[in-house]
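Here is a short report for a first look at this structure. Keep the sequence and the 3D view side by side as you read.

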Amino acid sequence: MSRHSRARIGKALNIFGPFIGLLLVIALFSLIPEVQGRFLRAANFKSVATQSVIVALGALGMTLIIIAGGIDLSAASNIALASVITAYAVNAGAAPLVAVLLGVLTGGLVGLVNGGLVTRLRLVPFIVTMGMMGIARGAAKWIAGNQKIDAPMTWINELMAKSPRPSWLLLAPGIWIVILFAVAMAVLLKYTVFGRHVFAVGSNEATARLCGVRTDRAKVLIYAIAGLFCGLSGVMEFSRLTVGDPTVAVGLELDIIAAVVIGGGSLSGGEGSILGTMVGVLIMSFLRNGCTMMGWPNYIQEIIIGAIIIVAVTLDRLRHR
Amino acid sequence: MSVAPSAPPVLRMTGVSKSFGATRALDDVTFELGRGEVHALIGENGAGKSTMMKILSGAIPPDAGRMEIDGRPYAPAGPGDGLRSGVSMIYQELNLAPHLTVEENIMLGREVHAAGWLDRGTMRRRVREVLELVRHPEISPGVPVGRLSVGARQLVEIARALLGKARILVMDEPTSSLSQEDSLRLFEIIRGLQGQDVSIVYISHFLEEVQRVADTYTVLRDGRSVGSGRMADARFEDLIQLMVGQKFTELFPRVEHAVGAPVLTLDGLKGRGMASPVGMSLARGEILGVAGLIGSGRTELLRTIFGLDAVEGGTVVVSGTELAGKRPWTRIRSGLGLLSEDRQGEGLALGLSVADNMTLSDLAPYRRRGLLGLRRQRQAVADWIGKLKIKAKGPAQKVLDLSGGNQQKVALARLLHQKASVLLLDEPTRGIDVVSKSQIYEWIGGLAREGKAVLFVSSYLPELLGICDRIAVFHRGALVASRPASAWDAAGLMAAATVGRTSQEIPIEQRNAE
């Protein structure tokens, strides 16, 4: 095989690699007679998509952070905190829109603090966000008085409804929100100066500084944006559960990171894409869904998803050779 | 140091060939190395030097050809075999673990032990033996390697190679990160090794250095051996011509340019690593060279002017305006541009494309209503690639895949693209091939002709003398002297850089003492 054609195949793999994984997963369950009928149905695909919303929103922000060479371990705690704040506000009689905004902004604030600590204290993001993971979770439990916050039903709870109203929406409003923001983020990364700076900071921060990129400002902005997405994700969590639960989404940050990595994001920075991340989210959701239908216990799912992460990153390494 | 002609060679490589895909990296190369001989292997980047040495060390197998050591067939299956046969490599890029100590690094993989328990006494003794050979004030067995200077690390690397009782030592650009002093020490070490009948293959770009240290030479070009002989019989020009393959008229092409009004004025500028405040002035159309040893404050000067290192005092005036902002992004807007001495670590984002690297410092021209015009960016970069004769497949190619010379051209092109009027160049020709060097000198001349001002830091004195209008010398963080280039010679520059005073100022008796 000539070098040139190998490069071309490599490029094609780069673009379609995650899709191949997704198709494989879907094909696999479609071929199993026991679940075939139920799995390959529009209604099932819709429910998988709805189940993906929370991880997907978190992963949009995480993609940004990982491309910039960082990591956010506080994402799941942040989601729980935002869901509690939203529930608290609704319960206190705030207008639903105000509650949603409060939830989203809480997430943004946590992200802002993450970014501020990373740039001011010159600490590695792993440490800062690991600390924030505990702080945000603790704050959520404190505010909720260590129990679930019940809240009256409002339109917020329809964001994650499987059969949306009005029915011409076809999909839950949450799904449309994910699609909208995914497109916006993809455009942001590819077609704006800020997007170029995100890649530059992740690829080589010293070069970025040399080229006049205000690296600290860019990083604070990146963590703040990611925080806003966690906030929105928290609103969706509240929408789904109809209560504010401070113990929800424990360990979800690893699912979010896994989605980005399966989608081609590199933990050493400089690489990743929104499209890849979204496919990564779907791969994990379809796997969960298929395993559940098969009646496989939870631990089988965990083993399979763990293996998928390792295989995906190995393939990623190979196609970069 | 003469090699007895009758003595059989220690190493003989015959008809060695190697291809990578469609590229023929080595083509029927024959090479002989005598006992106690220093044999220079020279050639441009990509000529096949590294491939040949990897084959010798056993890291990769040849496609064809034979190797013999002491007349016995030598076909290493891996670097371990090479080491056991007495072939030791010192690579250009450092292969040390920064957290481990000098001793731990030297003994790494060759620990002396009994049933897994380290025999620290024996190891310490053997480490002391080899350190005695490279002797350097910074190096002692218990110091973590990460705390050593780059030059000292290189010497640790050499000590490690000496430990294995090497009979054939391959040194790949050993002085590329050494100061003048450390280089001289290295040459002494090489002489000492020669005395112990160790044969050395010495790979280098620096022809002056090669002429000084080697007994014999072999020139590689495009994977072929195009000439070899005794160093004493070879002229500098002949070697360059063999390397380049064409008549090479002038290394330092002279571009006529006129010096105009002052554009950059430093007044009492002080920053980290600068012992005393610096005042100097640079005019439009002027090329001001800055000489000095590594650590003399010349790199720090550039970084402070550019705002990469914290400014601790003084002013920088560009075109009559004192610069208020002290960060790189404000200085770029004021027309300054800096080329980093560390091309791979700082100068370029290797994983990004040529286009992104070239335009990162000035994306504004491609932005409309907040969105980047990627096609316009690609087109502009393609134009630069053509204009500057950069060998790249296109704007989308990753910088990682380019040769050193072409990477450096991309880094320089960034400054041209951002339309910098004052260019701060730190070692712009380090580690790149002769043809690219010559092209870069020509650009610098052309920039001066356009009225740009160039501050040119270099350790390579011939290039400073060859292209600069004026040369300033730094010593221990302070500016020693600044004079027209015609008033300097290499010896004078060296004296000023090492002693900190110009030769006229040194009293006769002291000069004799030194």
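## A hairpin in chain B

B:H475 stands opposite B:A478 in β24(B). This is a predicted model, in which local features need pLDDT of at least 70 and side-chain atom pairs count only at pLDDT 80 or more, while totals for chains, interfaces and linings use all residues. Residues are numbered from 1 along each chain as its sequence is written, and chains are lettered from A and ligands numbered from 1 in the order in which they are written.

Strand β24 of chain B covers residues 478–484, and β23(B) pairs with it in the antiparallel sense over 6 bridges. Strands pair if DSSP finds at least two bridges between them. Helices (H or I, at least four residues) and strands (E, at least two) are DSSP runs, numbered from the N terminus. β23(B) and β24(B) form a hairpin with 2 residues between them. In the turn, B:R476 has a positive phi of about 45°.

## Around β23 of chain B

A residue is buried if 20 or more other C-beta atoms lie within 10 Å of its own, exposed if 12 or fewer, and partly exposed in between, with C-beta atoms placed from the backbone. Both faces of β23(B) are covered. On one side sit B:R470, B:A472 and B:F474; on the other, B:I471, B:V473 and B:H475.

β23(B) has another partner, strand β15 (residues 287–291) of chain B. These two pair in the parallel sense over 4 bridges. B:A291 has B:V473 as its bridge partner in β23(B).

## An open sheet and a crossing helix

Chain B also holds an open sheet of 4 strands, in the order β14-β13-β16-β17, with antiparallel pairing. Its edge strands are β14 (278–283) and β17 (321–322) of chain B, and each pairs on one side only. Strand β13 (residues 262–271) of chain B is joined to β14(B) by 5 bridges. B:L269 has its bridge partner in β14(B), namely B:V278.

## Two domains in chain B

The domain assignment of chain B gives domain 1 (11–244) and domain 2 (262–352 + 419–513). Such bounds come from an automatic or database domain assignment. The C-alpha centres of the two domains of chain B lie 33 Å apart.

In chain B, 9 residues of domain 1 are in contact with 6 residues of domain 2. Contact means that the C-beta atoms of two residues, placed from the backbone, lie within 7 Å. Helix α8 (residues 236–244) of chain B gives the most to the domain 1 side, with 3 residues. That side divides into 3 nonpolar, 5 polar and 1 charged. Ala, Val, Leu, Ile, Met, Phe, Trp, Tyr, Cys and Pro count as nonpolar, Asp, Glu, Lys and Arg as charged, and the others, Gly among them, as polar.

## Chain A as a whole

The secondary structure of chain A comes to 13 helices and 2 strands. The chain has 321 residues, and 49% of them count as buried. Its C-alpha atoms fill a box of roughly 65 × 55 × 35 Å, taken along the principal axes. For 321 residues, a compact globule would have a radius of gyration near 20 Å, and chain A agrees, with 20 Å. That radius is taken over C-alpha atoms, and the globule rule is 2.2 Å times the number of residues to the power 0.38.

Helix α11 (residues 252–262) of chain A has 9 of its 11 residues buried, so it is largely enclosed by the rest of the structure. Among the buried ones are A:E253, A:D255 and A:I262. A:G264 follows α11(A), with a positive phi near 100°.

## Where the chains meet

How many residues of chain A are in contact with chain B? There are 19, and they touch 24 residues of chain B. On the chain A side, α8 (193–203) and α9 (205–210) are the elements that give two or more residues. α8(A) gives the most, with 5 residues. By class, the chain A side has 8 nonpolar, 7 polar and 4 charged residues.
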